[in-house]
Amino acid sequence: MKYDAIIVGGGIAGLTAAAYLAKAGYSTLLCEKESTCGGLVNSFEREGFVFDGGIRAIENSGIVFPMLKQLGLDVPFVKNKISIGIGDRVIWVNSDESIKGYQVLLTEQFPNSKAEIAEIITQIRAIMRHMDVQYGIDNPVFLDMKEDRKYLVKVILPWMLKYALTIHKITALNEPVVDFLKHYTQNQALLDIITQHFFRETPAFFALSYLKLYLDYYYPLGGTGKLVEKLVTFIEDHHGTISTNTQISAVDPEKRQVIDTAGVTYGYRRLIWAADQKSLYRFIDPEPITDDRVKNAVIRRRENLADKAGNDSVFTLYLALDLDVSYFSSKASEHFFYTPSSVGQSMAGPVPINEDRKTIEKWLEEFFALTTYEISCPVMRDSTLAPPGKTGLIVSVLFDYGLTKHIQQMGWYDDFKSFCELCIFNTLDSSVYPGIKDAIRYRFSSTPLSLARITGNSDGAITGWAFTNDSMPAENRLPRILNSIRTPIPGIVQAGQWTFSPSGFPISILTGKLASDRVIKELKNLN
Ligand SMILES: Cc1cc2nc3c(=O)[nH]c(=O)nc-3n(C[C@H](O)[C@H](O)[C@H](O)COP(=O)(O)OP(=O)(O)OC[C@H]3O[C@@H](n4cnc5c(N)ncnc54)[C@H](O)[C@@H]3O)c2cc1C
């Protein structure tokens, strides 16, 4: 059978694309290699505790709610409150004015850098104003222009003017955030504390906009995976086919077929690749391609991507605790960025790639004492997500894929996981959560290798390409985001976190929608 559209990858990008194609009435097949869809958006249950295995909460960005509204999906959300802590001080991010609290928090830690902090805060305020414009409206891509004419005239047209005046200011702030901040301070510990929970070399406008974005975070009742469940049901209700446990391992653009690891062939009129991008070019044999321009473009792209790295990954510790949620809500909010010490992560030294076990263990101890933790507490948002009187915590840190791989090759991967778990709960026990060590019912962890295995993403990357690459192999200019879905191969478009930079959850949805729009247009022209 030949499908109008095949989508490879059942993460949020592939699900979005499949939902719109199925809604438009095209025969649609979504191939997902795992037994469930969702990729980096998923929730799972263990002994009554629900944990989110990927993204901890969802930023709307003028994209998520408009997409759900357009599809007619009712997903109940609660506001996801963010707090930031250093040592024994914690602030809640409740409004634009929380920036003042952040300034106080930093100044308390670094009194000698008071004037520098004030200048940095001025810069952050300016970026927050730019972001007000960028995300200030519902993204027009998710509007039905014929029905929303009033919105078009009253909101979108005036917004476009403001946007045109702002976008160059945003793109001018493309410099890595640490370099940008060095214009204002040379205090390495201060630089670390502001930046160490961002990916290496994150562009300044992206990193420093987070105090704004934090106000736009929501949590689906029941867990982040509820969003995935709703999309899956929607696709199936609209006669789309979702084939799980179906790993595509070859793409034949000449015959317009994909082939799975069991040797089953599926024909397509249009293909949307919504999975790891390196693998697309690995799975195409360029030899049989008759058009030399296409053949050469595929070869060039494969070569170009070969040495490009994925962005940082995460080490995550899942804790089921015999402690009531009130213990945690008295200390911080449900989504908490916590740095136990203001010494700064640089003091641990560079990632000890290729070093021996003793050196690595020493580095790990220092790293876990100094780094910034993203701590998520599902039951604080939804009381059904843990047994009464108990709490599940998800604690993660950005972590290097290469180091984890090196450790695995040396043969102490399981010990490494236990070692990291120990470092993490010892650090939290001796700082913000005294007593948790003795309240652990059970614990387990995942590493960058787990994420790479489960999602197929290069380097276990959680948001696409690394900013450290010598050149960015994806579109990175927002006004040109339409370019991001293009491939050099006729009949194939792409979507998801590898197609645009900086990326993440909203961009995956946006590119999924843009890819489906393109395919729907092309299929209409074919008919
Ligand atoms: C801990 C964590 C925190 C995060 N926080 C944020 C945040 O605060 N803000 C934000 O914007 N983003 C965040 N993200 C990132 C965000 O979740 C991802 O960028 C986004 O979900 C990626 O979606 P995707 O569909 O592009 O890719 P993925 O979720 O990676 O989906 C790809 C899918 O393709 C499948 N697949 C791969 N290869 C094949 C194949 N050959 N055949 C069939 N199927 C295949 C995979 O199994 C997977 O289901 C976070 C992620 C994590 C893990």
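What follows is a short chat about a predicted model.

Q: What should I know about numbering and confidence before I look at this predicted model?
A: Residues are numbered from 1 along each chain as its sequence is written, and side-chain values use heavy atoms, with hydrogens and water left out. As the model is predicted, local features need pLDDT of at least 70 and side-chain atom pairs count only at pLDDT 80 or more, while totals for chains, interfaces and linings use all residues.

Q: What domains does the domain assignment give for the protein chain?
A: Domain 1 (2–39 + 223–309 + 461–526), domain 2 (96–209) and domain 3 (312–455). The bounds come from an automatic or database domain assignment.

Q: How many residues of domain 2 are in contact with domain 3?
A: Eleven residues of domain 2 are in contact with 14 residues of domain 3, where contact means heavy atoms within 4.5 Å. The C-alpha centres of these two domains are 28 Å apart.

Q: Where does the second largest pocket lie?
A: Between domain 2 and domain 3, because both give residues to its lining. A pocket is an open set of points on a 1 Å grid over the protein atoms alone, with protein on both sides within 12 Å along at least five of seven lines, and lining residues have an atom within 4 Å of a point.

Q: How much space lies in the second largest pocket, and which residues lie nearest its centre?
A: About 660 Å³; a volume here is the space filled by probe spheres set on the grid points, which are joined across faces, edges and corners. The pocket has 26 lining residues, with Gln-196, Phe-198, Arg-200, Gln-345 and Ser-346 nearest its centre. The elements giving two or more residues to that lining are helix 6 (177–181), helix 7 (188–195), helix 14 (357–370) and strand 17 (391–399). Helices (H or I, at least four residues) and strands (E, at least two) are DSSP runs numbered from the N terminus.

Q: How does that lining of the second largest pocket divide by class?
A: Twelve nonpolar, eight polar and six charged residues. Ala, Val, Leu, Ile, Met, Phe, Trp, Tyr, Cys and Pro count as nonpolar, Asp, Glu, Lys and Arg as charged, and the others, Gly among them, as polar.

Q: How many cavities of 30 Å³ or more does the structure hold?
A: One. A cavity is a set of grid points where a 1.4 Å probe fits but cannot get out. The largest cavity has about 180 Å³ of space.

Q: What lines the largest cavity?
A: There are 18 lining residues, and Ile-84, Tyr-102, Ile-194, His-197 and Phe-198 lie nearest the centre. Strand 7 (82–86) gives the largest share, three residues. By class, the lining has 14 nonpolar, four polar and no charged residues. Domain 2 and domain 3 each supply at least three residues.

Q: Changing topic: is helix 1 mostly buried or exposed?
A: Eleven of its twelve residues are buried, so helix 1 is largely enclosed by the rest of the structure. Buried means under 20% relative accessible area, exposed over 50%, and partly exposed in between (1.4 Å probe, protein chains only). The cover over its buried residues includes strand 1 (2–8), helix 10 (225–237) and helix 19 (505–526).

Q: What is the reach of helix 1, and what follows it?
A: Helix 1 (residues 12–23) reaches 16 Å from first C-alpha to last, close to the 16 Å expected at 1.5 Å a residue. The expected span is 1.5 Å times one less than the number of residues. Gly-25, with a positive phi near 90°, follows helix 1.

Q: Which residues other than glycine have a positive phi?
A: Ser-61 and Asn-354 are among them, with phi of about 55° for Ser-61 and near 70° for Asn-354. Ser-61 is buried at 4% relative accessibility, whereas Asn-354 is exposed at 60%.

Q: Where is there a cis peptide bond?
A: Between Ser-501 and Pro-502, with omega about -5°. Pro-502 is in the loop between strand 19 (492–494) and helix 19.

Q: And Tyr-433, buried or exposed?
A: Tyr-433 is buried, at 2% relative accessibility. Its place is the loop between helix 17 and strand 18 (440–446). Leaving out residues up to four places away in sequence, Tyr-433 touches residues including Tyr-327, Phe-336 and Leu-428.
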